[in-house]
Amino acid sequence: MGTRTVHADVAVIGGGLGGVAAALAALRRGRRVVLSEEYPWIGGQLTSQAVPPDEHIWVEQFGVTSSYRALRDGIRRYYRENYPLTHAARAQKALNPGLGRVSKLCHEPTVAVAVLTAMLAPYLSAGRLIVLQPYVPTAAAVAGNRVDTVTVRRVGGDDEVVIEAPMVLDATETGDLLPLTDTEYVVGAEARGDTGEPSAPEIADPANVQAISWCFVFDHVAGDHTIPRPADYDRWRTFEPEFWGAPMLSFVAPHPRTLAPEERTLKVNPPVVARADGEPDPRIDAGDRDLWEFRRIAARENFVEGAYDSDIVLANWPQLDYLGGSIIDTPDREHHLAEARAQSLAYLYWLQTEAPRPDGGRGWPGLRPRGDVTGTVDGFAQAPYIRESRRIAAMRTVREQDVSVAARGSAAPATFDDSVGVGMYRIDLHPSTGGDNYIDVECAPFEIPLGALVPVRMTNLLPAAKNIGTTHITNGAYRLHPVEWNVGESAGELAVFCLEHRITPQEIVSDPVLTQRLQSRLVAAGVEIHWPDITGY
């Protein structure tokens, strides 16, 4: 109990993928870093939120930073060194432990935690990195356009730490430093008249954000593992959004691209022969028709006979999308978090007791929550999966017409002169708290403009996660794992560049020569800033 002060060159608030990448970038440049994180695990959407990476189709060849590739390689190496893989699985260069259809690398979150921890370990040992965990930011001292200190408090306790650093990075999941520091920001959906985006609504709505989802992990084994019937189960059992086409507790959900309600399947522990149809091509198939295989994180066929009694599956499905309200800038945040979790709990109970089985029966009581995989007692993720954040008012804002294939009239890469990274994903907005259905737009391979990382006013605060200068629409493409990592890494490099040259981010982005010098450093560090001649999807 009490308050203490720590000093660093760079303060990174938030230990998700962007925060870890930012910290590593600054540490590799010899700087001292303080990294804080709210949850027991670093890694954010990949770990505490339990979601394996959503990536583009070229990820095994190009289009990610060298350090992100090291993370992916490290995950595969961890399996080879520590898991009883079959000879065939061990020999696969592009090992996919879960054979999930959403990604070429579906894995257990515990493995990513181990690899990320190992990446930071040398700097912890050297005393150049301080990790404060679990801590949340509660206050900031600001003088003019600069942040002097950030105060973080231990979750569930009174211990406070005041962090003093000349550069401060906001890598929180919802841009929590922005209101604490009076940094200008946008939240929710902008009006079409303000952004000119074809998919934007006519009227702005700060409360209209993509749904959060509280994911859980399970397998299927002998015995009855049915959880207690939730007290509010009957309410969730009858809940049906008007555009859904069925109650939320069903296998029906809108198709993201056609919006037509479609029934999914759940093929529990399917035989190997049923999984021999190869990987889906996300240009034409999202891979989500069967919920079991969609985000499976351990496929028993990859492991020696008898090692696994069942596959292990992550539930991150449309039926878990919580539409009841935003958790950003509202006094009802805790209520909505509890409701999102309750919705997922009701869905798990429905799966165990009432879901229609192919044999005509109802429910799979053998579905067993795997808290050992999520680091919790009940198999639910430590944190909700968050798709949308507050976003800085930036020197440059990426709009739909910058990256949309239809709006640009081209599927060729969308380029920016001040690029500090690359990414690729469809503009993929899940149903929202404002009542919108999916918004799914074909997207060009895009670059990350430096201007989107630079606030219009604050001179030593940088975004390092999903809080860069995008819109409600384009965040749908820039929010995914490898892009968040690239954003964080480039923000970390930018912070050090500012310290070395005693200049502000605004001075760099306004000077083509300085921008090119920063870009050269990024390229030398393994950050790709341009795409080859490819087309989007």
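Predicted model: local features only at pLDDT ≥ 70, side-chain atom pairs only at ≥ 80, totals over all residues.
A residue counts as buried when its relative accessible area is under 20%.

**Cysteines**

Cys498 has a relative accessible area of 2%, so this residue is buried. Cys215, at 0% relative accessibility, counts as buried too. A disulfide is a covalent bond between the sulfur atoms of two cysteines. How many disulfides does the model contain? The count comes to zero, where a pair of cysteine sulfur atoms would have to lie within 2.5 Å. For Cys215 the closest cysteine sulfur belongs to Cys106, and because the separation is 13 Å, the two are too far from each other for a bond.

**Residues in loops and at a helix end**

Phe380 is placed in the loop between helix H10 (371-374) and strand S18 (391-392). Is Phe380 buried or exposed? Its relative accessibility is 1%, and therefore Phe380 counts as buried. Leaving aside neighbours within four places in sequence, Phe380 contacts Trp214, Cys215 and Phe216, together with Arg341, Ser344, Leu345, Leu348 and Thr374. Cys215, itself buried at 0% relative accessibility, is thus one of the contacts of Phe380. Another of these contacts, Trp214, is 166 residues from Phe380 in sequence, while the C-alpha atoms of the pair are 7.2 Å apart in space.

Asn467 occupies the loop between strand S23 (461-463) and helix H13 (475-478). With a relative accessibility of 0%, Asn467 counts as buried. When residues up to four places away in sequence are not counted, Asn467 touches Asp170, Gly175, Ser389, Arg390, Arg391 and Ile392. Asn467 and Glu301 are separated by 166 residues in sequence and by 39 Å in space, C-alpha to C-alpha.

Ala126 belongs to helix H4 (residues 109-126). Its relative accessibility of 52% is over the 50% limit, so Ala126 counts as exposed. Between Ala126 and Gly18 there are 108 residues of sequence separation and a C-alpha to C-alpha distance of 22 Å.

The pair separations are set out below.

| Residue pair | Separation in sequence | C-alpha to C-alpha distance |
|---|---|---|
| Phe380 and Trp214 | 166 residues | 7.2 Å |
| Asn467 and Glu301 | 166 residues | 39 Å |
| Ala126 and Gly18 | 108 residues | 22 Å |

**Packing of helix H2**

Helix H2 (residues 66-82) packs with helix H14 (residues 481-501) at an angle of about 130°, the axes being 9 Å apart. H2 is therefore oblique to H14. The crossing in which H2 passes H14 is right-handed. Which residues bring H2 and H14 together? On the H2 side they are Ser67, Tyr68 and Leu71, and these meet His481, Pro482, Trp485 and Glu489 of H14. By class, this contact comprises four nonpolar residues, two polar ones and one charged.

H2 also packs with H4, at an angle of about 125° and with the axes 9 Å apart. This arrangement makes H2 oblique to H4. The crossing of H2 and H4 is right-handed. From H2 the contact draws on Ser67, Leu71, Gly74, Ile75, Tyr78 and Tyr79, and from H4 on Val111, Ala112, Ala114, Val115, Leu116 and Met119. The residues of the contact of H2 with H4 divide into 10 nonpolar and two polar, with no charged residues. Ser67 and Leu71 of H2 take part in the contact with H14 and also in the contact with H4.

How values were computed: Residues numbered from 1 in each chain as written. Heavy atoms only, no water. Axes fitted to C-alpha atoms, helices over the stretch in contact; angles between N-to-C directions. Helix = DSSP H or I, 4+ residues; strand = E, 2+ residues; numbered from the N terminus. Parallel < 35°, antiparallel > 145°, perpendicular 65-115°, else oblique. Left-handed = near helix turned anticlockwise from the far one by under 90°. Contact = heavy atoms within 4.5 Å. Nonpolar A, V, L, I, M, F, W, Y, C, P; charged D, E, K, R; others polar. Buried < 20%, exposed > 50% of the residue type's maximum accessible area, 1.4 Å probe, protein only.
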